[in-house]
Amino acid sequence: EYQTQGEYIKSQLMYLYRKHRPAWKYKYKQMKNEEEFTEWVLEEPTGCLTAARFMHPEVQGNLLKDCVAINLVNAHISVLMDKYDSVFEDQLKNYLMSPQQILQQIIDERNITVEKAQDNILALVLSAVNDSEIDPVQFEALSDVEKEVYKSARGAVYQMKRCEEKELPPHILLEKKLAQVIKKGAEILRRECVICSITNEGFIVKKSGSLETAIKKLNEKIIQDYKFVQFEMKEFTDIVDKSKPLPI
């Protein structure tokens, strides 16, 4: 009542620091939409103030120096195409199989950075999933490859809606599939290493000497059920130099 949201978050984080608790535990549940399970969320919504899942990478990097992230590669795209790819080769499937080749075609045609090309592909796929209107002028400015990626995503979304028994919005169906992949990945990975947190695209796990072997086993096993799905390790970046005094 007497604090701004920012002040409340800061007070919660300072409480975390002062208590020096070695571990903070949270319970997760799957959301339901018309009796269908979808994405993973915290049971207690206030947990998002201190749960690692919601922190910026540089904050995670400082608090979790003994951890790394294991993320799905092209999470939404790989899950969408896994069950609903067309029989014929298309650009979205090509992107999953040979991403550098597709990105280079976009870069050459539009003279943009690789990061911008990646962002564009994800935005186009999510627009197709959410059935968002795309401005005709902006669409015409896209490269031929990007237009084909969008059409490919629309086709996959159409197949997804047609294959499902219940009429749910495509973004809910995709979140449901993504949660299933993460759940399956957790079942495989927890045999080899310690999972500290679930994220929207994978896990945060404890560092160990056998981590690379664990990820290799994870990819070998999960491909039996999801042919386009792969996980990769991602170190936290932008770690602040704590040897320098902060202006607090």
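Author: Helices (H or I, at least four residues) and strands (E, at least two) are DSSP runs, numbered from the N terminus. This is a predicted model, where local features need pLDDT of at least 70 and side-chain atom pairs pLDDT 80 or more, while totals for chains, interfaces and linings use all residues. Residues count from 1 along each chain as its sequence is written, and side-chain values use heavy atoms, leaving out hydrogens and water.

Reader: What is the order of the four strands in the open sheet?

Author: The order is E4-E5-E3-E6, and the pairing is antiparallel.

Reader: What makes E4 and E6 edge strands?

Author: Strand E4 (195-199) and strand E6 (231-234) each have a single partner strand, so one side of each has no neighbour in the sheet. From one strand to the next, the twist averages 25 degrees.

Reader: How do you know that E4 and E5 pair?

Author: Pairing requires at least two bridges found by DSSP between two strands. E4 and E5 (residues 202-206) have four, in the antiparallel sense, so they meet the definition. Ile-198 stands opposite Phe-203 in E5.

Reader: Which helices pack on the sheet?

Author: Helix H9 (residues 170-189) touches strand E3 (67-72), E4, E5 and E6, where contact means heavy atoms within 4.5 Å. The direction of H9 makes about 25 degrees with that of E5. Helix H10 (residues 211-222) touches E3, E5 and E6, and its direction makes about 160 degrees with that of E6.

Reader: Why are H8 and H9 called roughly perpendicular?

Author: Helix H8 (residues 144-163) and H9 pack at about 80 degrees, with axes 10 Å apart. Axes are lines fitted to C-alpha atoms, for helices over the stretch in contact, and angles run from 0 to 180 degrees between N-to-C directions. Under 35 degrees is roughly parallel, over 145 roughly antiparallel, 65 to 115 roughly perpendicular, and the rest oblique. H8 and H9 are therefore roughly perpendicular. Val-157, Met-160 and Lys-161 of H8 meet Pro-170, Leu-173 and Leu-174 of H9.
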